[in-house]
Amino acid sequence: HGEHIDLVLSTDSASFVFTLDDTSSELVSDDDGRHRASYAVNEVTIYESGTGQVKQLSSLFTAQAVVDLYAQALGARDLATLTVLSTPDFNSRAWSQVDDVILHALPLSEIEPAPTEVVASVFKGPAVEVTVTQGSHALTYVLHASRGRMLVDDVLLPVTRRPVSLKANIEVLGPLYGFARGIHQNNLDIIRRYSGGGLNRKIWSQTTSVPDIGFALSEHLLLPIKSIQSQGDQANISLTDGIRETNVSLFREGSRFVVQDVQLSVGDGEGQQVTLLQAMRDVLAQRFADENVTPAGYEQAPREGQYVNPL
């Protein structure tokens, strides 16, 4: 096939395909003056008749070692190693959205810092799914071959009321915890990074500090997770400690999720529920009215102290 050769050997139970690549940049002359090409085995693929599995030796030899390293890195929250051993898609959607501080804060109780014991491996050509017991949980590591290396593309978790995909969890939890970190530190640069265009335009561009809306925001944003719902470009995270409740809506802006709005509740009574965006707009409007200043991007309404956003 052009610059490579497939050599097929068959038995009753399996077929073995040896893929040999032409490693010579030009033909080589032997002692008799004849020209010969130089070949080397690049891959061996095993097609099992009974199971229907397709195994590549490069995957077979390295998959378990990669899983062991990845499991150790997850347990230690070692972001540098996780990045090296992950596929570009995993890095883009998940690990690029967090730093060491956020990664250590993420609620990943299903991933314990414990040795792995392989339960089963399913080979699908260049892809491998390795199910292991890791501490008290069973996890499935999904690996893909990329440029001659086995890289982890996802980890499947034993969870309910949230995606089983670790990638899908982190791509929304990372922005939430980054947003909460910015709120806790009163750091608008961090907050803007994890906020959607609406929050940035209507709130954060109008102030130099986080407006006080009467709720402990950072505490509400770090309540235990009740559920995560993600579909397409929209996601919702529900959090509660049994008394306080928080619902965070996120949407995909470009290649990543950002916080769109937050609903907070401490009970069913009047004034015990607020929506973050509207509550902060009310606080800022009152502040500007007291200072007799028109905020950027707003127009003064006919009644004194009232502002409307033309956008």
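## A walk through salt bridges and loops

Start by selecting Lys124 and Glu129: the two form a salt bridge, with the closest N and O atoms 3.7 Å apart. Keep in mind as you click around that this is a predicted model. Colour Glu129 by accessibility and you'll find it partly exposed, at 28% relative accessibility. Why would two such side chains pair up at all? Side chains of opposite charge can do so when their charged atoms come close.

**Next stop: Arg244 and Asp241.** Select both and look between the side chains: here the salt bridge has its closest N and O atoms 2.9 Å apart. Arg244 is partly exposed at 25% relative accessibility, and Asp241 is partly exposed too, at 36%.

While you're on salt bridges, select Asp89, Arg93, Asp153, Lys167, Glu171, Asp233 and Arg252 together: salt bridges with shared partners join them into one network.

Asp233 and Arg252 meet through their side chains in a salt bridge, 3.1 Å from N to O. This one ties together distant parts of the chain, 19 residues apart: Asp233 is in the loop between strand 11 (225-231) and strand 12 (234-240), while Arg252 is in strand 13 (residues 245-253). Asp233 comes out partly exposed at 45% relative accessibility, and Arg252 is partly exposed at 24%.

**Now for the loops between helices.** Select Ser86, in the loop between helix 2 and helix 3 (88-93). Is Ser86 buried or exposed? Its relative accessibility is 3%, and buried means under 20%, so Ser86 counts as buried. What does Ser86 touch? Leaving aside residues up to four places away in sequence, show Tyr70, Asn91, Trp95, Leu151 and Val152 to see its contacts.

Hop to Arg77, which lies in the loop between helix 1 (57-76) and helix 2 (79-84). Check the backbone here: phi is near 55°, a positive value in a residue that isn't glycine. Arg77 also counts as buried, with 14% relative accessibility.

**Last stop: Asn186.** You'll find Asn186 in the loop between helix 5 (166-185) and helix 6 (188-193). Asn186 has a positive phi as well, about 55°, although it is not a glycine. As for accessibility, Asn186 is partly exposed, with a relative accessible area of 39%.

Technical notes. Residues are numbered from 1 along each chain as its sequence is written. This is a predicted model: local features need pLDDT of at least 70, side-chain atom pairs count only at pLDDT 80 or more; totals for chains, interfaces and linings use all residues. Side-chain values use heavy atoms; hydrogens and water are left out. Helices (H or I, at least four residues) and strands (E, at least two) are DSSP runs, numbered from the N terminus. Buried means under 20% relative accessible area, exposed over 50%, partly exposed in between (1.4 Å probe, protein chains only). Contact means heavy atoms within 4.5 Å. A salt bridge is a side-chain nitrogen of Lys or Arg within 4 Å of a carboxyl oxygen of Asp or Glu.
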